[in-house]
Amino acid sequence: MSYSANLTGKETLPSVFDCHIYQLRQISAVSGRITPVENGFDLPFDVQRVFYLYDIPAGENRGAHSHIACHQFLVAASGSFEVMVEDGIHRKTLFLNQPFMGLHIPPGIWAREQNFSSGSICLVLTSHSYDESDYIRSYDDYLKFRGLE
């Protein structure tokens, strides 16, 4: 499969150092808390799609792919898990365990969710609707996309 980064001049692909954990707003009351997420305010992109992962068997990983254009924002809505992000050169692992904290993964970053706690739920907000052609699922193809192979 052939991928193009569609870069012009001074543009560069993001690195793992562009993956940031955001603290979302919390509204507290005696009856509990709510965390709103609004387009144009809380995230660095407008949300076009929302889905969540659950009932993940112990020891299973999820993800293990990159997107060409789609941004992702991951939240541990319940429980906890790790997210390993890499850019072909650097790698880091981030831990999510609060429903008001989320990880922004820009396009061009390889990501894998791992070490899910029992009963965990991974909420995912994305900048694009589902499009299989936006996925890079082979790590060798990912390295080619990054210009590293």
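Is Tyr-52 buried or exposed? I found Tyr-52 exposed, at a relative accessible area of 51%; the classes are buried under 20%, exposed over 50% and partly exposed in between, with a 1.4 Å probe and protein chains only.

I note that this is a predicted model, in which local features need pLDDT of at least 70 and side-chain atom pairs pLDDT 80 or more, while totals for chains, interfaces and linings use all residues. Residues are numbered from 1 along each chain as its sequence is written, and side-chain values use heavy atoms, without hydrogens and water.

**Aromatic pairs**

I took rings of Phe, Tyr and Trp (its six-membered ring) as paired if their centres lie within 6.5 Å, with planes under 30 degrees apart stacked, over 60 edge-to-face and the rest tilted. The count by this rule is 7 aromatic pairs. One of them joins Tyr-52 and Tyr-54, tilted, with 5.5 Å between centres and 35° between planes. Tyr-54 is partly exposed at 48%. I also looked up Tyr-130 and Tyr-135, a tilted pair at 5.5 Å and 50°. Tyr-130 is partly exposed at 47%, whereas Tyr-135 is buried at 9%.

**Salt bridges**

I counted 4 salt bridges, each a side-chain nitrogen of Lys or Arg within 4 Å of a carboxyl oxygen of Asp or Glu. Glu-86 and Arg-91 meet at 3.0 Å, N to O; Glu-86 is buried at 6% relative accessibility, and Arg-91 is exposed at 57%. Arg-137 bridges to Glu-132, with the closest N and O atoms 2.8 Å apart.
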